[in-house]
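Here's a quick briefing to read with the coordinates open. Could you give the points below a look before you set anything up?

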Amino acid sequence: MCALEIAVREPEEAMVPRRLLLVGEGNFSFAASLIDGLDPDVSVTATGFQHRADLEGDPVALENLQRLRERGVEVRFGVDCTQLAHALLADEREFDRIYFNFPHCGRKAGVAKNRELLAKFFQSCADVLAKEGEVHVALCRGQGGTPADKPQREWHNSWQVVAMAALGGLILSDVCPFSCEAVPGYKCTGYRSQDRPFHIEGALTYIFTQSLPFESSRPRTFRVRLEDRWFYFTEPEALPGKLNRRFLEAPSCHPIRTINEKLIAELGKTFPLKRLRCPLPLLSQGGPSVLPPVACDLLPTFWICLHEDSSCSELLNGEITEDIEEIPDSGSGCTLPKSPARDGCKAAQEGVCEQVKLHLRPSLLVHAEPVIHSPEFLPGSLYVLSGPVFRKCHILPFTMPAFHETLFILGFNRNTKESCLPPLLDHLKDTLGNFLAQTLQEDSSLSMSVDFVLQPNGKDYVIHVKSLDFGPDCTENLIIGSIVTSTIVKHKHQCFVFVSINLDLLVMLAYDISDWRILWTFDNRFLKRFAPGKIEHFKSYSLYPPCYVHDVSFWLDEKNTFDELEFHTVARAVSQDTIVSIQFLDRFQHPETQQVSLCYRLTYQTCDKALTPQLAAAMQSQFRKEIQRELHVSPR
């Protein structure tokens, strides 16, 4: 396995290859050395850019070619690595591995020429690589331009290997030291087009895999049942791929479900447990009356427009792409408004199509009131509700427009508060601390602790996780939940405590996941990184993704009004969640007209897909158009 891998990797992470393609072979010493450690069933195709006649004066090359012929290895000459499809017939493709060691344009070619070579090579690989195949590229020290390179070159002075691979739809999944010991007999030549070896001390092998493609920006369509009537709706553009994912439901093995089940099981050891079915997140009214208004009412929400099934099929062109979900008649938390909106629907103007506007719940606290008012509610029992919630928010590293929340509801007599509340809070704090401790055991450099911070009202708490490792963009302690206590007028002798936990943030901390967006990926490799029911360190399959920076400046309208939250929401929608940072740069007011101009800097970066500079530029161009249309500003 070592000879085949070139760099040592965990056996369970590597697919067993059956068809290998070697490109850019000079004297074919790599191919000749590699075959000694291969299984006889592995097929190898070794190719070189030179023609057979060019190697006649190279005794090392001729000896290696003889060894390859004796082993039945297919050898091809005059193969251009930037046009692999031209050299290989359709039935000769689908390679599990493609190797390219120390690519170079020859002589004193600069970094720009070598970047171009890499870009065309990666684009060519897309035509001949198997779906789960890998591309191994070995580069000399510092050439790659990634943090793995020691020393790391400045970006403009490197080969930008990850960005070049993105042009071929590839992402960097692993980096390993290049090991000559794994292939004894290998002699790399071609330094400046001479029979001289490259300087390979500190060289690295970059291992690339295929990325999922960027899907069409057209939102998905869903069907839902409300009050015995069926409606269609499309997901908000700022929530691509966030609805109907069912991470918390069996048989899902998503880490969000794993940590939720563990959390519920632990707290169930202190109080009798009653799990409730979570309604779909469609609401026609605001927040609950049993809690302070700041709990839910003031959270910015996403609105959706429902079209009735019986008369709007033509409006949707018959494309029903997602699962049908039915809201139960009782306890759904959603009723149709008495006066549904009808604007914007041509059929509605004709009186045959009803259009209803609802919003997505911003918190599970909106479901608390029917739970505690239910005749079946038992004081002293711990009620649990888990589900996704949605709220508009600014683009920040630990702020997300969609996440999974678990809500614990405990009711008790006022005179037993001291005997009920402390055990719950103590057990909760210990449980959360134990989750984080499992990450700390694997990485001793991390430091985290859980703290309940009492709020100014003297009865509520915010759940903080203290750490120095959240990065420069997170200057405060990370808030992963809240604890709200309340006395309800209709229950004069009872108190209630509502514990809300952001499961996505908890998973990020417990599994050491740096980017919340990876939790929502459609890439199956994400779930394959986890053992069912186990909390363990997450190893990303997309390393060092490149980022692209674009600035935008614009004039405000005559009233100089501007909604920055909507600015972030439009950015999230247009970029398909690829914008990771929006930085305010400057404000200018014209001395004569008094009109105000704002300037922002947007940073594009993905966590699981190959983002090219061309696609980022196209998104930026579309963003300029959208803010002009949605926010009524004038881009400069």
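In this predicted model, F567, V570, A571, V574 and S575 of helix α13 meet M619, Q622, F623, E626, I627 and E630 of helix α14, where meeting means a contact, i.e. heavy atoms within 4.5 Å. Helices here are DSSP runs of H or I with at least four residues, strands are E runs of at least two, and both are numbered from the N terminus. Residues are numbered from 1 along each chain as its sequence is written, and side-chain values use heavy atoms, with hydrogens and water left out.

**Helix packing**

- α13 covers residues 564-575 and α14 covers residues 613-630; the two pack at about 140 degrees with axes 9 Å apart. Axes are lines fitted to C-alpha atoms, for helices over the stretch in contact, and angles run from 0 to 180 degrees between N-to-C directions.
- That angle makes α13 and α14 oblique to each other. On this scale, under 35 degrees is roughly parallel, over 145 roughly antiparallel, 65 to 115 roughly perpendicular, and the rest oblique.
- Another pair is α7 (residues 255-267) with α11 (residues 503-511), whose axes come within 9 Å and cross at roughly 95 degrees, so α7 and α11 are roughly perpendicular.
- On the α7 side the contacts involve P255, I256, T258, I259, N260 and L263, and on the α11 side L503, D504, L506, V507, A510 and Y511.

- Most residues other than glycine have a negative phi, and most peptide bonds are trans.
- K150 and P151 are joined by a cis peptide bond with omega about 0 degrees; P151 sits in the loop between β5 and α6 (161-166).
- A250 and P251 are also linked by a cis peptide bond, here with omega about 5 degrees, and P251 is in the loop between β9 (229-234) and α7.
- E94 isn't a glycine, yet its phi is positive at about 60 degrees. You'll find E94 in the loop between α4 (84-87) and β4 (95-101), and it is partly exposed at 49% relative accessible area. The cut-offs: buried is under 20%, exposed is over 50%, and partly exposed is in between (1.4 Å probe, protein chains only).
- Q576, another residue other than glycine, has a positive phi near 55 degrees. Q576 lies in the loop between α13 and β22 (579-589) and counts as partly exposed at 23% relative accessibility.

**Spots to click on**

- A126 is in the loop between α5 (111-125) and β5 (129-139), partly exposed at 39% relative accessibility. A126 and A85 are 41 residues apart in sequence, with 9.2 Å between their C-alpha atoms.
- S486 belongs to strand β19 (residues 478-487) and is buried at 10% relative accessibility. S486 and F496 are 10 residues apart in sequence and 5.3 Å apart, C-alpha to C-alpha.
- P219 is in the loop between β7 (204-210) and β8 (221-226), and its relative accessible area of 21% makes it partly exposed. Leaving out residues up to four places away in sequence, P219 touches T234, E235 and E237.

**Whole chain and confidence**

- The protein chain has 14 helices and 24 strands, and 51% of its 636 residues are buried.
- Of the contacts between residues at least 6 apart in sequence, 71% join residues at least 24 apart.
- The chain exposes about 30,000 Å², 50% of it from carbon and sulfur atoms; areas come from the Shrake-Rupley method with a 1.4 Å probe, and for residues only the protein chains shown count as cover.
- Mean pLDDT (the predictor's confidence in each residue, from 0 to 100) is 83, and 82% of residues reach 70 or more.
- Over residues 286-295 the pLDDT is below 50, and this stretch has 24 contacts in the model beyond near neighbours in sequence.
- Residues 339-352 also stay under 50 in pLDDT, with 22 contacts beyond four places in sequence.

How values were computed
Predicted model: local features only at pLDDT ≥ 70, side-chain atom pairs only at ≥ 80, totals over all residues.
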